[in-house]
Amino acid sequence: MAEPVVAVVGAGPAGLRATQVLVEAGLCPLLIDEGHRAGGQVYRRPPPGAERPASDLYGFEAGRAQTLHDLADALAPRIAYRPGTMVWSIAKREPAGFALNCLGPQGHGRIAADRLVLATGAMDRALPFPGWTLPGVFTLGAAQIALKAQGMAIGRRVALVGAGPLLPLVAHQYAKAGATPVVVLDVTPVWAKVRAAPRLAAMPATLAKGVWYMLAGALRGQPVRAGVRAIAVEGTSRVEALAWEDARGRRHRVPCDAVAASFGLRSEAQAADLAGCRFVFEPVTRQWQPERSPEGRSSHPLVYLAGDGSGIGGADVAELQGERTALTVLADLGRPRDAAREARLDRLLARQAGFRAALEAAYPYPHHLVETIADDEIVCRCEGITAGALRRAATERDAHEMNRLKALTRAGMGRCQGRVCGHAAAEILARTLTVPVETVGRLRGQAPIKPIPLREPV
Amino acid sequence: MSGLFQRLAPRLGAAIPFTIDGMPAEARAGDLLLGAILLHRRALRRFEFGPGERAGYCLMGACQDCWIGLADGRRVRACTTLVEPGMAVVTGGVGG
C-alpha cells in the first residue's frame, strides 16, 4: 500500500512542528503555505534582500525564530513543500480524503491528500472606531510585519491602541528600531490585570517579559494608559491625530500620522470550515472556532488542527500543539506510539492553557464597545457597510443570524469574506436583538476563501 | 511628496526602478509592493464604494484591502507581491 499523503496547511510554528514529527516518522508530507518563506506571521521571515539579524527582528524570541527557520530549511528537501501557495477550496474525494484547490507560483493546481493538518493561524481582531478606515490605520500585526519583513515603520509618529499584551511589545520594537511611538492606549481596565496577576505568575518567564516591555515603555516616558475610552482618529483624508478619554474622564489628543490597532486575535478557520469541521463557540474570547480535542482531532476523522487557527494560544502553544497533533496523526495511521512524549506535551499544554486563561482575563475582548459605534460608522471596510445598516437590518428586516445579515446587507460578502468585520458585526447584531452573541451564529466559509484571478485557468 | 511609511533599516541590495502613476520611483530588492508605494505615497488606492482612500490594513494577506492595478492589466495584492523592475503601478492619483 502506498504511503498515506498528509497535507499540512500553514508553515508557522504549528505547521512546522507537525511536519517535523511526520518526517521523523518516515513520511513525506505536503507542506502548503501562503507565505513565500516558512515561519508564519509571528516569526515572519523577510524576503531575500531584506534579511536582518534575528536578534534585531525577533528580540527575546530570536532563538526560537532561528530554530524554526533552520528547521524549515532542513525539512524542505525531505517534503513536498509548496510555498507561496493558497488553498482556496477543499473538496471531498471518494471514497475518502480531500482534493485541495490551490493557487501557487505555477498557477492553479489540484492536490490530493488523505489527511489534513490545518495550522492556519490567526489575525488581529478589529473593532470599528471613528476614523478607523483612514489610510494610515493598520492592525497591530501589520505594524509588526512592516518592521519584521520590511524594516519599515507604518508612519513617523505611530499611536498604538487596543486590547492586549502585545501593545507595549510593539511599542518597544518600534522605539528600538528608531521609530517614534507617540502613545500606547489600552481600552481594558487596570483591575482586570491586577486580578489576573497571580495566575499569570504561573509562567514567570513569560510574565517577566511582559512586565519588562511595560517598564521599558514607562522608562521611555510612555507607560501603557489603561482603561481609556472613546478612541477616535482625527483627520479628513489622512490620520492627523488620535483622541481619547482617560479613565478619569479627561480628554486627550496627540498628533500622529499612523495608528496600529488590535483588540485581540481571531482564528483563521475558513479551511477547517470547508473541510467539514464542526465549530464551537468559545465563550471567553467570544468567537466560533473549529472544535479541537486536546490531542489535535477535529470533528472530522481525517482532519487535524493545531495552533491559533483552532484556539488562540500564541506561538509557544502552537509549536507544542503542532508536535502533539502530528503524534495523533501517526497513531491514527497505526504507527507505534510514544506515550511518554505524548504525556509530556499534554502536561506542557495544560500549563500553557492555565496561563492563557489568565491572559484572556487580564485583557478581555471589549465587545461592549460596539454599543458606542455610531450609526454612520463603517463596519464592513470592504464595501462600506455601516453600523446603522446592520442595526436596521436587525430591527426592520428580521435578520436574526449572521448569514441572513450578510445576505441583506452584504456585510461579510466583500473581498475579505468577513474576516475583518465578522466579529464586530455579530456583536452589533446580538446587542440590537438583545440576545447572547453565540445565538446569532457565524459567517459560513465560502470558496474561494480569498480572491483568485479568473484569468488563471482553473 | 512624502510617504506614509519610513524605512528604518538601510538596504544594501540593488535599486529596483518602478513607476507610480507614471512617476519614476525606486525600491530595493526585498521590498513588497505595499511598502515600496507607501514610502512615496500616503495611500494605495481609492475606496470604490464611497469617498476616501485606502492604504492597506493587515499586511498579511487576510483583509484584501491592498489590491491595486498595474498598467499591464494585472491586479495584485500589494502586501504579498514583491516589486519587480519596471512595474507600473496605477493608483488613480491617490495619497499625494
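The UniProt record, an unreviewed entry, annotates residues 6–322 of chain A as "domain: FAD/NAD(P)-binding"; UniProt positions follow the numbering used here, feature names are shortened, and annotations may be inferred rather than shown by experiment. This is a predicted model, in which local features need pLDDT of at least 70, side-chain atom pairs count only at pLDDT 80 or more, and totals for chains, interfaces and linings use all residues. Residues are numbered from 1 along each chain as its sequence is written, while chains are lettered from A and ligands numbered from 1 in the order in which they are written. For the complex, the predictor gives an ipTM of 0.97 and a pTM of 0.96.

**Chain A: overall build**

- Chain A has 13 helices and 23 strands, where helices (H or I, at least four residues) and strands (E, at least two) are DSSP runs numbered from the N terminus.
- Its radius of gyration is 22 Å, close to the 23 Å that the globule rule gives for 458 residues, so chain A is as compact as a globular protein of that length. The radius is taken over C-alpha atoms, and the rule is 2.2 Å times the number of residues to the power 0.38.
- The C-alpha trace of chain A spans about 70 × 55 × 45 Å along its principal axes.
- Within the annotated span, residues 6–322 of chain A, the end C-alpha atoms lie 14 Å apart, and the make-up is 30% helix and 29% strand.

**Chain A: the inside**

- Of the 458 residues in chain A, 53% are buried (20 or more other C-beta atoms within 10 Å of the residue's own; exposed means 12 or fewer, partly exposed in between, with C-beta atoms placed from the backbone).
- The largest nonpolar core has 120 residues, and Val158(A), Val259(A) and Leu390(A) are among those with the most contacts inside it. Such a core is a set of buried Ala, Val, Leu, Ile, Met, Phe, Trp, Tyr and Cys residues joined through C-beta atoms within 7 Å.
- Helix H4 (residues 140–150) of chain A provides the largest share of this core, seven residues.
- A second, separate core of 58 residues includes Ala18(A), Val21(A), Ala275(A) and Val329(A).

**Chain B: fold and confidence**

- Chain B comes to one helix and eight strands, in the order β-β-β-α-β-β-β-β-β along the sequence.
- The C-alpha trace of chain B spans about 40 × 25 × 25 Å along its principal axes, and buried residues make up 48% of its 96 residues.
- The average pLDDT of chain B is 94, with 99% of the residues scoring at least 70; pLDDT is the predictor's confidence in each residue, from 0 to 100.
- Thr19(B) is found in strand S2 (residues 15–20) of chain B, and it counts as partly exposed because it has 15 C-beta neighbours inside 10 Å.
- Leaving aside neighbours within four places in sequence, Thr19(B) is in contact with Pro24(B), Ala25(B), Ala88(B) and Val89(B) (contact means C-beta atoms, placed from the backbone, within 7 Å).

**Where the chains meet**

- The contact takes 37 residues from chain B and 45 residues from chain A.
- On the side of chain B that touches chain A, the elements giving two or more residues are strand S1 (6–7) and strand S5 (53–54) of chain B.
- The residues on that side of chain B divide into 18 nonpolar, 10 polar and nine charged. Here Ala, Val, Leu, Ile, Met, Phe, Trp, Tyr, Cys and Pro count as nonpolar, Asp, Glu, Lys and Arg as charged, and the others, Gly among them, as polar.

Notes. Two residues are in contact if their C-beta atoms, placed from the backbone, lie within 7 Å.
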